[in-house]
Amino acid sequence: MVQGREQTVEFEVVGRKAYLTLNRPERLNAITHEMAREIKAAVDRANEDPAVHVIIVQGAGRAFSAGYDLHRYAEEGVSVQPPVWDPIKDYQMMKSNTDNFFSLWRSLKPTIAKVRGYAVAGGSDIALSCDLVVMAEDARIGYMPARVWGCPTTAMWVYRLGAEKAKRMLLTGDTIDGRTAAEWGLVVDSVPEGDLDGTVEKLADRIAGVPVNQLVMQKLMVNQAYDNMGLNGTQILATLFDGITRHSPEGRWFHEFAATHGFDEAVKWRDSGRWIPEGGGTVPDQAELEKEN
C-alpha cells in the first residue's frame, strides 16, 4: 500500500500487472496534492518491481476522477494566494503535481488508464498521461476549467488530438463520451461499460507477455518523438498559465462564487455556458441563482 495522511491510492500486483487505484470514491476520486504524490510513489514502486510488466490505472467506485477537489481548493480556498500573488510559488506547486501525474508517461513500464464514469478536468490530465486509454462508451472526458479557473498542465490534448480538435475542446470546455473520444483518436478504444474490465485485462495481458526491456525501448522511442516536438516546454507554459487563470480577475470571481454559494453552484454556472464577467465583477446573489435555475 502507498501510505499517507489519507490513503488516496491503492497499489496491488497480480502476476505481471500492477493496479494503481485512485481511492476517494466518495468524492469521485477528486484530486488532492496528496493523491498526486501517491500516484508517483505507486508508479515508482511498480517500476522497481521486476515482476511487473504493465501498470493499470483505475478509479474506485463509479468514476475515474472528477478532477481537483473543488470543495478544498475552490470553496475553501486552499492554495489560493492573495491578490498580490507569487506566480513562481504557484508554479512550483502545480509543476510538482504535473510531474507526479506525468510519472505515468515517464514510467519505463507501459501504463493503461481504464476510464468509467468521468475523467474530467484534472482527472483528464491523469488519464491522458497514460500510454493507452480505454474508456467505457458512456464515460465522459473533457477539461471544463478551460472556461474559467484552469489550463491543462500536462498539455496532452494537443499532442493526442492535434491543434483543431484540441482547440474545439479547450475553447468550449465541453466533454465528449467514450465513443467520440475513440473516433477522434483521443483514446485507443471504447467499449460498453460491462466489457471495460475484460477489455483492459486482455490488452494488459497481451502487453505483459513482452519482455520488460523490449517494452521500455519501444516506449522510450515513441516518447522521444514527443519530447522532440517540445512537450516539456509546452508543459512549462501550460502550468504557468494555469496559475494565471486561477488568480486572474475572472478566476478570483469564480473562487468567490464557490466560497459564497458552494462549488456545486459555481461549477453549474461555469459549465452551463452562462456569462462569466470579464474582469471579474459581483457574484450573483441567491435570487439570481434561483432565476437562472
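Ala, Val, Leu, Ile, Met, Phe, Trp, Tyr, Cys and Pro count here as nonpolar, Asp, Glu, Lys and Arg as charged, and the others, Gly among them, as polar. On that basis, the lining of the largest pocket in this predicted model has 23 nonpolar, ten charged and seven polar residues.

**Largest pocket**

- The volume of the largest pocket is about 720 Å³.
- Its lining is made up of 40 residues, and those closest to the pocket centre are A66, G67, Y68, L70 and A121.
- At least two lining residues come from each of these elements: the helices α2 (70-75), α3 (87-106), α4 (122-128), α10 (231-247) and α12 (263-272), and the strand β5 (118-120).
- Helix α12 supplies the largest share of the lining of the largest pocket, at six residues.

**Second largest pocket**

- The second largest pocket holds about 480 Å³ of space.
- It is lined by 19 residues, of which C151, P152, A166, L170 and L171 are the closest to its centre.
- Two or more residues of this lining are given by each of α5 (156-161), α6 (163-170) and α10.
- Helix α10 contributes the most to the lining of the second largest pocket, with five residues.
- By class, 13 residues of this lining are nonpolar, four are polar and two are charged.

**An element found in both linings**

- Helix α10 supplies at least two residues to the lining of the largest pocket and five to that of the second largest pocket.

Definitions and conventions:
Residues are numbered from 1 along each chain as its sequence is written. This is a predicted model: local features need pLDDT of at least 70, side-chain atom pairs count only at pLDDT 80 or more; totals for chains, interfaces and linings use all residues. Side-chain values use heavy atoms; hydrogens and water are left out. On a 1 Å grid over the protein atoms alone, a cavity is a set of points where a 1.4 Å probe fits but cannot get out, and a pocket is an open set with protein on both sides within 12 Å along at least five of seven lines; lining residues have an atom within 4 Å of a point. Grid points are joined across faces, edges and corners, and a volume is the space filled by probe spheres set on the points. Helices (H or I, at least four residues) and strands (E, at least two) are DSSP runs, numbered from the N terminus.
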